[in-house]
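Please read the following account with the sequence and the coordinates at hand.

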Amino acid sequence: MLNVQHISGGYGNTPLLSDISFHVEKGKMVGILGPNGCGKSTLLKVISGIMSPTFGSVIIDGKDINHYSTRELARKMTILPQLHATAFSSTVRETVSIGRYPHQSGFFSSWGAEDERAVKKAMQQTGVEKYEDHYLEFLSGGEQQRVFIAQALAQASSLLLLDEPTNHLDIAHQKQILDMIRREVTKNKLTVVSVFHDINLASLYCDEILLMENGKVKAFGAPHEVLLEEQIEDVYRTRISIKAHPEQPKPQMTILPDVDEHSEEKIITINHLNIREEYIEFKSSFPLRVLSSSVHNAGLGWYANFINRTVQPDYDIDHVHEEYYQYLVHEGFSPTNTVGMMTAVDTKKAVIKKYEMPYGEVFVVVTAGVGNAIDVSQSYKRKYGDRVGTINTWVIINGKLSDEAFVQAMMTATESKSKALQHEEVYDCISDTLATGTPTDSLLIAATQQGKFMQYGGPITEVGQVIGRGVFEATVEAIQTYRKGDS
Amino acid sequence: MKKSMMFAYSTSIIILLVSIWLGVSIGSANVPLSTLWDSETNPSAYSILWGIRMPRVVLAGLVGASLAIAGAAFQGLLKNPLADPYTLGISSGASVGAVATIFFSLSLPIIGVYTLPLIGMIGAFITMMLVLSFARLIDRTLKMETLILTGVIFSSFLGACISLMIALTGQQLREITSWLLGSVSMRGWPYVQMILPFVVIGVVLLWLNRRELNAMMYGDERAQALGVNVKNRKYAILAGGSMLTGAAVAVSGTIGFVGLVVPHMTRMLWGTDHRHLLTLSFLNGASLLILCDLVSRTIITPSELPIGVITAFIGAPVFSYIFFKQRRSRG
């Protein structure tokens with residue numbers, strides 16, 4: 001469809017673009033990314049023919065754009081510059097109709113049925129037909145942009161060039177417009193080349209990304225091939241981190257700010273832990289990075305408070321999320337800053353262990369109810385757990401853990417818990433084998449993310465060793481306490 | 001064509017016909033409708049109609065139409081609602097030519113009394129060439145801002161030249177001022193013949209670019225992407241508009257407000273689409289100036305007011321009223 005060959009050029013005598021080549025297939029969407037002043041918009045102007053390159057050529061459908069007449073070219077390709085205000089008001093229909101210009105010719109250049117159809121369709125595709133007779137100036141920025149896209153669609157060129165199509169729009173409008181363009185690409189084989197400011201939007205909507213630096217192509221390929229942490233940091237001279245998108249197989253990046261708010265190192269001490277009547281609480285003045293399987297705010301996140309709440313065995317589990325939320329609010333916790341667990345075990349039976357390590361203290365908190373203990377390897381033999389009893393474990397570390405260290409810490413803690421059950425000879429009463437846990441155990445690993453950096457959390461690492469030992473000792477003690485209470 | 005546009009055209013044509021009739025019939029001598037075809041019963045009325053009033057009305061109509069259509073085109077081209085035919089300094093060029101003719105009491109052989117309009121047109125033409133080539137020198141793509149600024153520079157300079165001649169003149173002061181204030185009186189058919197070819201060429205040039213003007217409202221780049229040959233079209237529109245302005249100023253002096261008010265009123269009533277805007281401005285510009293001329297020669301008979309004064313007196317309040325009403329109802 002579009003073939004850009006060795007383009008060089010720019011304004012005046014200073015060449016802005018040097019030796020740019022790439023190829024775009026029909027029905028693909030390509031995003032052009034790069035820092036300010038790297039030549040993104042200039043490249044778009046050269047492709048569109050508004051600017052001539054000093055060297056190189058732009059080929060569309062096998063023909064150099066200079067060999068097309070202005071009208072012919074407009075039927076092949078069109079460019080939509082950044083959102084433009086007009087001095088005079090026109091209606092939506094008038095604005096969209098202008099898109100038919102290259103299809104009309106002759107002295108009186110009559111308006112045909114084909115033109116009418118194209119305009120109608122473009123307005124439908126962009127959802128602006130309900131504003132047909134409205135004046136453009138009374139529409140919102142997002143609606144105006146949709147009208148201009150409708151104008152470009154009415155033009156019916158197969159290649160659409162866009163310069164930041166969602167500039168200055170809120171996220172709802174950004175999504176609306178990009179969804180719509182993407183639909184045209186996927187359904188009707190429109191080819192789109194668009195300049196983006198927002199790396200994440202480009203990644204989400206484009207099939208391929210062209211990353212530019214100082215007028216040169218730095219990288220060209222699928223988003224996951226181009227959006228590499230080091231490459232983006234290098235091109236934009238900014239610290240970033242790249243993570244997966246929750247729904248799409250596309251990389252998403254986050255800026256890492258360099259603000260020195262935590263000039264002094266913050267640490268966690270035993271004073272942050274309190275045992276109350278209804279719950280065990282951990283309250284910190286700053287959020288910790290947490291990975292947990294909890295009732296409230298499970299998963300990975302940043303939270304300053306953790307609670308392990310004791311509920312009656314007849315607690316109505318069907319409305320647990322709503323009830324727990326209300327409970328947190330009632331108790332004065334910020335629901336978005338708190339991780340919540342639940343147990344039937346009395347808070348007085350909780351075990352808190354403290355370990356002094358060279359890099360800081362590590363705390364392990366366990367409540368254990370083993371009435372419903374189970375051997376996980378035999379669990380397929382039972383239908384459901386009918387008795388209450390759960391083991392909740394917290395591991396709170398003064399230190400900085402990598403993502404893999406978090407996952408390894410969870411594994412280490414789980415293995416250690418199983419070992420504790422084995423040691424205490426807790427049996428699965430149905431299979432009559434040694435139990436490995438209960439069906440509803442929860443685990444929380446929290447780290448201050450300050451001080452010493454720990455890349456790994458496996459059993460032979462410094463932090464792994466203390467987790468293994470700590471969880472074992474605390475769980476053994478908690479089981480013993482639990483059994484004492486029973487008798 | 002849509003119904004509303006049919007209405008717009010028929011209204012404009014009726015207003016124009018009524019204006020023409022009022023223009024030729026009202027005055028110190030009464031001219032009945034029958035005089036148009038009947039030269040026998042009232043020979044003096046017949047000669048007043050065809051010898052004095054008709055050429056005056058036709059000239060006023062052509063001047064008003066030229067200024068209005070040129071204003072509409074310039075406003076669209078420069079994407080500036082405050083642009084008028086005088087923005088690019090072309091009228092100043094014509095004025096310098098005309099004032100110089102009076103100042104130096106020039107009279108070329110053969111053409112005699114027509115020296116003034118001829119030199120005026122030459123002045124307009126030279127100015128247009130200078131403005132365009134100077135703007136091109138600054139930036140080859142002929143950006144709108146460059147054009148407007150170049151026009152401002154030339155207008156100021158040429159305005160100073162006119163002021164200089166006014167300051168130095170003695171007995172011609174009154175003649176120069178009255179010319180500058182504009183008038184279509186005592187011109188006759190030769191002036192109509194002189195302006196007509198320019199009006200025809202200019203109007204055709206603009207009319208051929210009516211759809212291009214629509215596309216250019218969205219910016220040069222967008223227009224180019226729509227398939228408009230922006231550079232050539234821009235030259236054509238500038239040439240057409242300048243030709244109309246230069247010709248109008250050369251025969252009648254600088255008559256203000258018509259080029260600004262008429263396109264605005266037309267746009268407010270019937271929209272921005274240049275396919276209709278140009279023609280409707282042409283028709284209504286003609287009507288407006290015919291009526292203004294009628295007022296200027298009848299309001300303080302037997303003497304006459306400069307027509308530029310009337311256009312400003314009528315134009316400014318009407319414009320303000322429409323502007324006010326529109327902003328209120330829309331805003």
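In this predicted model, a salt bridge brings together the side chains of A:Asp346 and A:Lys348, with a nitrogen-to-oxygen distance of 3.6 Å. The two partners fall into separate accessibility classes: A:Asp346 is partly exposed, at 31% relative accessibility, whereas A:Lys348 reaches 62% and counts as exposed. The class of A:Lys348 follows from the cut-off, because exposed means over 50% relative accessible area.

With a relative accessibility of 23%, A:Asp207 is classed as partly exposed.

The side chains of A:Glu473 and A:Arg469 meet at 3.0 Å, N to O. Both residues lie in helix α12 of chain A (residues 462–486), and because they are four residues apart, about one helical turn separates them. A:Glu473 has a relative accessible area of 27% and is therefore partly exposed. Elsewhere, salt bridges with shared partners connect A:Glu213, A:Lys218, A:Asp234 and A:Arg237 in one network.

How many residues of strand β16 of chain A are buried? The strand runs over residues 338–343, and six of its six residues are buried. In a regular strand, side chains alternate between the two faces of the sheet. For β16(A), both faces are covered. One side carries A:Thr338, A:Gly340 and A:Met342, and the other A:Val339, A:Met341 and A:Thr343, all of them buried. Strand β15 of chain A, comprising residues 299–310, pairs with β16(A) in the parallel sense through six bridges. Within this arrangement, A:Ile307 is the residue standing opposite A:Gly340 of β16(A).

Helix α5 of chain A (residues 141–154) is another covered element. Of its 14 residues, 13 are buried, so the helix is largely enclosed by the rest of the structure. From first C-alpha to last, α5(A) reaches 20 Å, close to the 20 Å expected at 1.5 Å a residue. A:Ala156 follows α5(A) and has a positive phi, near 60°.

A:His6 has a positive phi of about 50°, and its place is in strand β1 of chain A, which spans residues 2–9. With a relative accessible area of 43%, A:His6 is partly exposed. In chain B, the positive phi of B:Phe257 is about 80°. B:Phe257 occupies the loop between α10 (230–252) and α11 (258–270) of chain B, and its relative accessible area of 28% places it in the partly exposed class.

The cysteines can be considered next. A disulfide is a covalent bond between the sulfur atoms of two cysteines. How many disulfides does the structure hold over all chains? The structure contains zero. A:Cys206, for example, takes part in no disulfide, and the nearest cysteine sulfur, belonging to A:Cys38, is 15 Å away. A:Cys206 counts as buried, at 1% relative accessibility. In chain B, B:Cys292 also counts as buried, at 1% relative accessibility.

Which helix gives the most to the nonpolar patch? It is helix α1 of chain B (residues 3–25), with three residues. B:Ile14 lies in this helix, and with a relative accessible area of 51% B:Ile14 is exposed.

Definitions and conventions. Residues numbered from 1 in each chain as written. Chains lettered and ligands numbered in written order. Predicted model: local features only at pLDDT ≥ 70, side-chain atom pairs only at ≥ 80, totals over all residues. Heavy atoms only, no water. Disulfide = S-S within 2.5 Å. Buried < 20%, exposed > 50% of the residue type's maximum accessible area, 1.4 Å probe, protein only. Helix = DSSP H or I, 4+ residues; strand = E, 2+ residues; numbered from the N terminus. Pairing = 2+ DSSP bridges. Expected span 1.5 Å × (residues − 1). Salt bridge = Lys/Arg side-chain N within 4 Å of Asp/Glu carboxyl O.
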